Amino acid sequence: MKWYSVLAVVLFVAFTACTSKKENDQVASSTNDVKYATGFSIENYDTFTLLKITKPWPNATTNFTYVCAKDAKAIPDSLKQFTFIKVPLKSVVVTSTTHISSMVNLKEESQLVGFPHIDYISSKQVRTLIDKGVVKDLG
């Protein structure tokens, strides 16, 4: 009788140890290549990118994780608990004029749709978008 119990345990362990979950099989193809910024990590996978914000502000104890992909179907079940961001972004709202200059330098100012207190914006390219009604004042 003891022999059957040992055999049952061995078979149980053998069968359960051989199963694998597809989502755990994915390995990041690359991680942070950022040299001068800290407080976050970027992990690129075949069908999605994982963005982990580890220090959103000084003395922060909260972390944030975002899953970026073209389609939510590309996200493994184990990551569905995190905020999904559909990429590429089609529009963006920024809250600092420093972000505006970065968008202009990247030639992405056309993606800007809103900003609080647009009277603080001095960029000629963005002022043109404001005059056309593309960029809205968020107050």
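Q: Is His 117 buried, exposed or partly exposed?
A: In this predicted model, His 117 has a relative accessible area of 37%, and because that value lies between the 20% limit for buried and the 50% limit for exposed, the residue counts as partly exposed.

Q: And where does His 117 sit in the chain?
A: His 117 is found in the loop that runs between strand 6 and helix 4, the latter covering residues 124-131.

Q: What stands out about the phi of His 117?
A: The phi of His 117 is positive, at about 60°, although the residue is not a glycine. As background, most residues other than glycine have a negative phi.

Q: What about the phi of Lys 107?
A: Lys 107, which is not a glycine either, has a positive phi of about 60°. This lysine lies in the loop between helix 3 and strand 6, where strand 6 spans residues 112-115.

Q: Buried or exposed, that Lys 107?
A: Lys 107 counts as exposed, because its relative accessibility is 68% and the cut-off for exposed is over 50%.

Q: Changing topic to the backbone, which residues does a cis peptide bond join?
A: The cis bond joins Val 87 and Pro 88, with an omega of about 0°, and Pro 88 belongs to the loop between strand 4 and strand 5, the latter being residues 92-93. In general, most peptide bonds are trans.

Q: Let me step back, then: how many helices and strands are there in the protein?
A: The protein has four helices and seven strands, and read from the N terminus the elements follow the order α-α-β-β-β-β-β-α-β-α-β.

Q: How much of the protein counts as buried?
A: Of its 139 residues, 23% count as buried. Turning to contacts between residues at least 6 apart in sequence, 7% of them join residues that are at least 24 apart.

Q: What is the strand order in the open sheet?
A: The open sheet has four strands in the order 1-2-3-4, and their pairing is mixed. Its edge strands are strand 1 (40-44) and strand 4 (83-86), each of which pairs on one side only. On average, neighbouring strands of this sheet are turned by 20° against each other, with direction ignored.

Q: How many bridges join strand 1 to strand 2?
A: Five bridges join strand 1 to strand 2, and these two strands run antiparallel. Within that pairing, Glu 43 stands opposite Leu 50 of strand 2.

Q: Which strand holds Thr 65, and is that residue buried or exposed?
A: Thr 65 is found in strand 3, and it counts as buried because its relative accessibility is 17%, where the limit for buried is under 20%.

Q: What is Thr 65 in contact with, leaving aside its neighbours within four places in sequence?
A: With those neighbours set aside, Thr 65 is in contact with Leu 50, Leu 51, Lys 52, Phe 82 and Thr 83. For one of these, Leu 51, the C-alpha to C-alpha distance to Thr 65 is 5.7 Å, although the two residues are 14 apart in sequence.

Q: Okay, pockets now: what lines the largest pocket?
A: The largest pocket, which holds about 250 Å³ of space, is lined by Leu 89, Val 92, Val 94, Thr 98, His 99, Ser 102, Met 103 and Leu 106. Helix 3 (residues 97-105) gives the largest share of that lining, with four residues.

Q: How does that lining divide into nonpolar, polar and charged?
A: The lining of the largest pocket has five nonpolar residues, three polar ones and no charged ones.

Q: And what volume does the second largest pocket have?
A: The volume of the second largest pocket is about 160 Å³, and its lining consists of Leu 51, Ile 53, Tyr 66, Cys 68, Ile 85 and Leu 89. The elements that give two or more residues to this lining are strand 2 (49-53) and strand 3 (64-69).

Technical notes. Residues are numbered from 1 along each chain as its sequence is written. This is a predicted model: local features need pLDDT of at least 70, side-chain atom pairs count only at pLDDT 80 or more; totals for chains, interfaces and linings use all residues. Side-chain values use heavy atoms; hydrogens and water are left out. On a 1 Å grid over the protein atoms alone, a cavity is a set of points where a 1.4 Å probe fits but cannot get out, and a pocket is an open set with protein on both sides within 12 Å along at least five of seven lines; lining residues have an atom within 4 Å of a point. Grid points are joined across faces, edges and corners, and a volume is the space filled by probe spheres set on the points. Ala, Val, Leu, Ile, Met, Phe, Trp, Tyr, Cys and Pro count as nonpolar, Asp, Glu, Lys and Arg as charged, and the others, Gly among them, as polar. Two strands pair if DSSP finds at least two bridges between them. Axes are lines fitted to C-alpha atoms, for helices over the stretch in contact, and angles run from 0 to 180 degrees between N-to-C directions. Buried means under 20% relative accessible area, exposed over 50%, partly exposed in between (1.4 Å probe, protein chains only). Contact means heavy atoms within 4.5 Å.
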